[in-house]
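Try each task before you read its solution.

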Amino acid sequence: MSILSVKDLKVRYSASGPEILKGVSFDVEEDDFFAIIGPSGAGKSTLIRCINRLVEPKSGSILLYGTEVLSLNSRQLRRLRRGIGMIFQEFNLVDRMSVMDNVLSGRLGYVGNITGLFRLFSKADITRALSVLDRVGLSDHVDKRADQLSGGQRQRVGIARALMQDPKLLLLDEPTSSLDPKISREVMALIMEIAAEYKVPVLCNIHDVQLAMEFCNKIIGLQDGIKMFDGPTSEMNTKKLDEIYAMEVL
Amino acid sequence: MASAQATAEQVERIIAARSKAKLVRSLIYAVVLLLVAWSVNTTIIEDTDWARMGSVANVLESVAEFIGIDWGLFPHLLEPALETIMVATLGTLLGVVLCVPAIWFGALNITPFMPITYPFARLMMTLSRSIHEIVWALFFVAAVGLGALAGVLAIAVRSIGFIAKMTAEAIEDLDPKPVEAIRAVGGSEFQVFVYAILPQVLPVMVGVIIFEWEINIRRSSVLGLVGAGGLGLVFFRQLNTFNHPGVTTVIIAILILILFGELVSYFVRKAVI
Ligand SMILES: Nc1ncnc2c1ncn2[C@@H]1O[C@H](COP(=O)(O)OP(=O)(O)OP(=O)(O)O)[C@@H](O)[C@H]1O
Ligand SMILES: [Mg+2]
């Protein structure tokens, strides 16, 4: 049974604007590490953001663990979001807060407003944060402010924050585009290991096809809001890539 | 030849335009002059009690009465001076609390219901700023009676506008990425505010609050004029009892207080930001 099942997803940002996703469908299985590739503006970020409804689709269906995401009310939506880890291209950390507080903010979906306000996280949460930080190799930077870290380290904080959520699914929007090639590879390797350890399926936007082929087991090719390819990485070839990227030079 | 003629025509046109501009300018000068003359006549010539002012010597004599310091008054200034600072501080703090809805409603990117909440916040800010603190104080003296409480309320209400406006603008300019991240982990709107918005605007807010506190010391030192406590009240009393050196003494005390406020503000700002 598939964990995530997206059917005929259509998105417009405004009533009169162009259709950004034109009926996209796909299924994600338990141990999938999906890469979503395609030219700039194809709708990759839009697609990822629909899954946790940072973008509201116009029509279609998103079944996650048997729940219809699109029919949730705002309270249920928050419950859903806390189980979906998201990692961003520009890390989206709160610069003026410590690494610890940034990581703990991954628990916000599980605590009440008062706990959040006074940062009264439980001992269990703090212990967990420390072990997660250790797992991503940041044990030495716990008390630093987020803006004192390098790009690679900041993305590790982003990964740690997502892990704090106890995620049932990871959404990654170009997690390595702000990093140099060597660090990119390290970060992708870390994410892949963690996904296997925690047994979470991953949906990852990426424009570096090389990285996609190396780390992902399945690929979705998007072009102008239409799915052009959907299959195991082994079935991807140069000809199909050329089709997805159309006129673009690789 | 044709070009020479064109030039002559051009010269004509420019001269005509310039003389027209000159006429307009002369007219503007005349109007301004008339307005000044009219204002001087109503406010100074007609409104001044020339007979009472007397000769230049008399004026100088009256001014001289203010020279000198009433040393005996100093011990009695300590308490009002403290009160002035307390009024400024409490007023600023209360102002910060009252600001919260104005900030929340007044920042376009977080205002809950634009058509109603946004104009409401803007109205709050404008009212607070466009009414003078003395007028606010008169209003609160009427409402809660004479004394420092009226001063605190006046200062608080008068502070809303500036703090709220600057903070709301800072919120409008903030980086939306952390906001999105906190939403994505399932945070409530309140948590989004506390975790993603507040840390970004806190430095601005603290700076603005300190600045406002410093100004509020100035404000609270005159509020006594309308019976709202502090040094102003002593000032008023000296003036009423014709103790002119005493008036000078209070003015010096106010000056010292303001310098103190500026100093504190300078150091706190340096420490915090
Ligand atoms: N908030 C928005 N409002 C209006 N239009 C948007 C918005 N976000 C994206 N778009 C439009 O939707 C289209 C798809 O954008 P999207 O960000 O999903 O592309 P992408 O495939 O992620 O591109 P990239 O590789 O450059 O990140 C683009 O034409 C973009 O202009
Ligand atoms: Mg994108």
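**Exercises on chain B and ligand 1**

**Exercise 1.** Work out what secondary structure chain B has.

Solution. Start with the count: in this predicted model, chain B has 11 helices and zero strands. Then walk from the N terminus, and the order reads α-α-α-α-α-α-α-α-α-α-α.

**Exercise 2.** Compare the radius of gyration of chain B with that of a compact globule of 273 residues.

Solution. First, take the reference: a compact globule of 273 residues would come out near 19 Å. Next, take chain B itself, which has 28 Å. Now look at the box that its C-alpha atoms fill, roughly 80 × 75 × 35 Å along the principal axes. Finally, check the domains: chain B splits into domain 1 (2-48) and domain 2 (72-272), and the centres of these two domains of chain B are 46 Å apart, taken over C-alpha atoms.

**Exercise 3.** Describe the shell around ligand 1.

Solution. List the neighbours, among them A:Tyr13, A:Ile20, A:Gly38, A:Lys44 and A:His207. Sort the shell by class, and you get three nonpolar, seven polar and one charged residues. Then ask which element gives the most to the shell. That's helix α1 (residues 44-51) of chain A, with three residues.

Notes:
Residues numbered from 1 in each chain as written. Chains lettered and ligands numbered in written order. Predicted model: local features only at pLDDT ≥ 70, side-chain atom pairs only at ≥ 80, totals over all residues. Domains from an automatic or database assignment. Helix = DSSP H or I, 4+ residues; strand = E, 2+ residues; numbered from the N terminus. Rg over C-alpha atoms; globule rule 2.2 N^0.38 Å. Near = placed C-beta within 6 Å. Nonpolar A, V, L, I, M, F, W, Y, C, P; charged D, E, K, R; others polar.
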